[in-house]
Amino acid sequence: MAKKSKSRFVSKNQDVLQLGVAVVFLILVGIYASFTGASAAGLTSSAVWLLIVAAVVGAYMAMNIGANDVANNMGPAVGSGAMTMGWAILIAAVFEVLGAVVAGGEVVGTIKGGIIDADQIADPNRFAWVMFSALLAGGLWLNLATALGAPVSTTHVIIGAVMGAGIASGGWGLVNWSTIGAIVASWVISPLVGGAIAAAFLYLIKRSITYRAEKTEAATRMVPWLIAVMVWAFGTYMMLKGLGQLVKVGFVTALLAGVLMAAVAWALLRKPVARMAARQDNSKDGVNRLFTWPLVCSAALLSFAHGANDVANAIGPLAAIYEAVKQGAVATKAATPMWIMVLGALGLAIGLALYGAKLIRTVGKEITELDNMRAYSIAMAATLTVIVASQLGMPVSTTHVTLGAVFGVGFLRELLKVNYAKMEAVVYAAHQGQDRAEVEAYLQRFETAEVLEKKSMLADMKRRTKAREEAESTLFGKSERKALKKAYRQEIVKRSAVMRIVAAWIVTVPATAVLAAILFHIVAAVLS
C-alpha cells in the first residue's frame, strides 16, 4: 500500500513538473512576442495582443506536434529495443530542431495543401482570425489525442482546422473539396500500402535469413543488401523531403543519388557486417542485433525530415498571422522570421521531451510486439510509401503510413503463427500413438528446417494422414480451431489499440473543423 501511495505521489509530482515547464515556455514565448509586436511601427494594441496570443498558441501547437507526431519515428525503434526511451527522446529532439531550423525553409505555405481559397478573404484581420482559430483548434485536438494515447496525423489536424475556420469565415465555397476528397481517400490507401510493404519486407527477411538453418551465414549475405536498400530509400527521401526546402532536386536525380549512396554503403559495410555476424549466435536474436545501428540512423533521419516538413503545421499559420498583423496583407505564402522558426523547433523538442513517451510507447509496444527486423520493415514501408505518394501527388500522412506498417507487420505475424499451428497439427496427427519425446524431437527438427525441407516434411506428414483438414479434425474440433486462431490474433495484434487509433483518424478532420469553426465565431465576436 505504501509503494502504491509513493508511486502516485511521484507520478503527481512529475505531472506538475511537466505542466510547469510547459507553462513557463509558453509565458517566455508570449514575452518575446510582446517585444516583437511593440517594436513594429503602426500596430494597434489589439493587433499586438493578437500577435502575442497567436505566438503562444503556435508554440502550444508545436509542443503538441512534438508530443504526438514524433512517436511515429521513434516508436518502432524503442519498441524493438534498438534504443532506450531516454535516447530516443534526446535523438529525436536534436534532429527535430536541426530539421526545422536548418531545412525548414524561409517560406512556409500557410494554407496547407490549398485547403481554402485565401483570395476570397479580403480583410487581413479576418484572415488572421481564421489562422488563429485553426492553430488553437489543432493544438486542443492534438492535446486530447495525446492524452488518450491515440497517434493522429498533425497534417490532417491542421487541414481540418483551416477548413472549418475557413467555412465559418466565408462559407462552403471557400473550400477546395477535391483536395479534401483526396485526403479522405488517403485515410484508406496509405495505411494499406504501408502495411503491405512492411509485411513484404518482413517476409523477405524471414525467407532469406531467419527461416534458414545457418542464420548468421545468411545474414552475412543479406544484411548488407538490406542496409543498402535502406540507404537508397532514405537517401532519396532526404533529398526530396528532408532537404527539399534548401535544394530543389528532381525525382530522378534523387533516385540516382540514393543509388550512389547505397552502393557506397554496401561496399563499406560488407566486411564489418560479416565480422559482426560471425560474433553472433546462430539465432534470431543474433540476426536482430545486426539491425540496431541502421534503425538508430533511420529514426534520426526521419526526425530530421519531420522537423523540416511538419514544423509548418505550427508555424505556417503563425507566419500568416504575423504577416497579416504587421503588413496588413493576406498571404498564402508568408516569409517566416527566424524567431518563429526557432519557436516552432523548440516547441517540437519540448513537447516531445515532456509528453512524447506515452505515444512512443503506444506505437512501439501496445499494438504488436516488435523486434529490430520488424522495425526495419516498418521504417522501409513508411519511407517508400511517402516517396511514391509524393510523386503521385497523394496527400498521405506519415502517421497513417507508419501505423499501417505496424498493423501489417502484426497481421503477418498473426497469419504465420496460425499457419504454423496448422502445420504442428499435421505433425501431431501423423505421430499419434508414438512416444512424446520422439514427437518433440521431430517438431524441433521441423522448426529449425529451411522452407523447402519443411514443405517436404509436411508432404510426408500429409501422406500419412490423408489430408491436413482430416489431421486437424482429429486433433481439434471446429470450435477449438476457431478458438486457436482467435487466441493467436488477440496475442499478436491488440484489436482495442487498432480500433482506438482508427477511430481517432476518422474523426480528426471533422472534429477539428467543427472546433475551429466554433473558435472562429468566438474570436470574431471578441475582436470585431
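**Group meeting: helix packing around α12**

Helices α12 and α13 run roughly antiparallel to each other, because their angle of about 150 degrees is over the cut-off of 145. That is my starting point today. One caution: this is a predicted model.

Let me place the two helices. α12 covers residues 312-327, and α13 covers residues 338-366. Their axes lie 10 Å apart. The crossing is right-handed.

Which residues of α12 and α13 meet? From α12, we have I315, L318, A319 and Y322. From α13, the partners are W339, I340, M341, L343 and G344. Now sort the residues of that contact by class. There are 8 nonpolar, 1 polar and no charged.

Next, the other partner of α12. Helix α2 spans residues 45-68. At what angle do α2 and α12 pack? About 170 degrees, with the axes 8 Å apart. The cut-off for roughly antiparallel is over 145 degrees. α2 and α12 are therefore roughly antiparallel too.

Here is the residue list. α2 brings A47, L50, L51, A54, A55, G58, M61, A62 and I65. α12 brings N313, A314, L318, I321, Y322 and V325. How many of these residues are nonpolar, polar or charged? The contact of α2 with α12 has 13 nonpolar, 2 polar and no charged residues.

Look at L318 and Y322 on your screens. Both are in the α12 contact with α13. Both also turn up in the α12 contact with α2. If you are clicking through the structure, those two residues link the two lists.

Now step back to the whole chain. It has 20 helices and 2 strands. There are 528 residues, and buried ones make up 53% of them. The accessible surface comes to about 23,300 Å². Carbon and sulfur atoms hold 64% of that surface.

What about contacts along the sequence? Take the contacts with a separation of 6 or more. Residues 24 or more positions apart account for 83% of them.

You will find V388 in helix α14, residues 372-392.

Methods:
Residues are numbered from 1 along each chain as its sequence is written. This is a predicted model: local features need pLDDT of at least 70, side-chain atom pairs count only at pLDDT 80 or more; totals for chains, interfaces and linings use all residues. Side-chain values use heavy atoms; hydrogens and water are left out. Axes are lines fitted to C-alpha atoms, for helices over the stretch in contact, and angles run from 0 to 180 degrees between N-to-C directions. Helices (H or I, at least four residues) and strands (E, at least two) are DSSP runs, numbered from the N terminus. Angles under 35 degrees count as roughly parallel, over 145 as roughly antiparallel, 65 to 115 as roughly perpendicular and the rest as oblique. A crossing is left-handed if the near helix is turned anticlockwise from the far one by less than a right angle, and right-handed if clockwise. Contact means heavy atoms within 4.5 Å. Ala, Val, Leu, Ile, Met, Phe, Trp, Tyr, Cys and Pro count as nonpolar, Asp, Glu, Lys and Arg as charged, and the others, Gly among them, as polar. Buried means under 20% relative accessible area, exposed over 50%, partly exposed in between (1.4 Å probe, protein chains only). Accessible areas come from the Shrake-Rupley method with a 1.4 Å probe; for residues, only the protein chains shown count as cover.
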